[in-house]
Amino acid sequence: MVHHMRKDKLYFLTFISIAVIFLIIASLGINYFIKISVNQLIEVQLEASKREADEIASLVNYEFISGLNKNTITQNLQNTLNGTNKSTSFISVFDWSGKVVCHPDITQVNQKVNSNQSLLESLKDGSSLNKLYDLLIHHKKSKETNATQVESEIVYISPIKSSDLIIAAHTNLDKMVTQIVKLKRRYYTIFILMGILIILASFFAVRFIGSYYEKQLELKNTNLESELINLSKLNMDLVAYQQKIAANATEEVQNPITPTAVEANTSSETNKIRLLTYIRNELVPVAINSIAYIYTENTITYIICTNGSRSTSNSSLDEIFVDLQASLFFRANRQFIISITSIKKIIKYGNSQLKILVEDADVEIIISKHKAAEFRKWLNI
């Protein structure tokens, strides 16, 4: 129960962390994306307004060159511009004195031009679109507190060479602000939906990975428990077998066997009871039941007894093992033969291998995984 509570708490904290990280990144990035998109929108609209203003200026200049008088030209322009849709952008005409000559709204004719000169110069030089963006943001805030705020702004002028008239391209600030608001809403909607999907996907991915890892860990623990149980049983079998050997040895001491029995035993087992070994140049017989283990090193075979004495033999491990009682000795590997009575403990080693610890000796004997099954069978004899 406590484990599940901790796991749920971990998942909850993961969910909160992902959400917080996304919100921080989104808050830093969304304004940048909005500004980039608005500037692109402004750039497209400015290009369209500039092209329209230049075309009208070129046409009016041609009329002046053709000999039409100014009044006729301005009247024709006013008739053309009268009632023009001012929802996005429109064209007006003013003279060098700053007085409006032609305008879609006829009430604005003969009025003074109201324009942001620094903005106009900035846009004219093509140095930056940020000023118009800042103006739009400022206009939005001002519009919320001042309903009489100017709705349009001159963003481009194209002088007519043959007269004192100037063609002006206007942008409807209210319309631009409305487009910005819509764009922001779309971005926020996209970011929110994307954030929900990312957070949920991340959350479920973390849960899936966490669950998979836990299952693998549980499986590993189960296998480890199974190995420990098997190892514990193996050590119990070892102890039982050693007790059995000790009991048989005690019985032999209490009830010495007759020569006839020895002969019968020899004929059935064909095993020696002593090995001839060497200590330096001295020939020493060693009782088989006193041997702890036998090993080979640098082509020399060493016999180690339970009392710690060590002697050598001219025979190989294969030759010696043939003469040993199979129920008491086991060929652990190419280097070692181990006696059942000298095994102190059996522990797991590496990948399905076993390590044998010997009584009163600083030696470790490794049994490979291929021979582990044979060793287990030997302990159950």
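Biologist: Which strands pair with strand 7, and in what sense?

Modeller: This is a predicted model, in which local features need pLDDT of at least 70 and side-chain atom pairs count only at pLDDT 80 or more, while totals for chains, interfaces and linings use all residues. Residues are numbered from 1 along each chain as its sequence is written, and side-chain values use heavy atoms, with hydrogens and water left out.

Strand 7 spans residues 291-297; strands (E, at least two residues) are DSSP runs numbered from the N terminus. Five of the seven residues of strand 7 are buried, that is, under 20% relative accessible area with a 1.4 Å probe, protein chains only.

Two strands pair if DSSP finds at least two bridges between them. Strand 7 pairs with strand 8 (residues 300-305) in the antiparallel sense, over six bridges, and Thr296 stands opposite Thr301 of strand 8. Two residues lie between the strands of this hairpin, where Asn298 takes a positive phi near 55 degrees. Strand 7 also pairs with strand 11 (residues 336-339), again in the antiparallel sense, over three bridges; here Tyr295 stands opposite Phe336.

As to confidence, pLDDT is the predictor's confidence in each residue, from 0 to 100. The chain has a mean pLDDT of 78, and 79% of its residues reach 70 or more. Strand 11 has the highest confidence in the chain, at 93, whereas helix 6 (residues 259-269) has the lowest, at a mean of 45. Where pLDDT is low, the predicted coordinates should not be read in detail.

Key
Buried < 20%, exposed > 50% of the residue type's maximum accessible area, 1.4 Å probe, protein only. Helix = DSSP H or I, 4+ residues; strand = E, 2+ residues; numbered from the N terminus.
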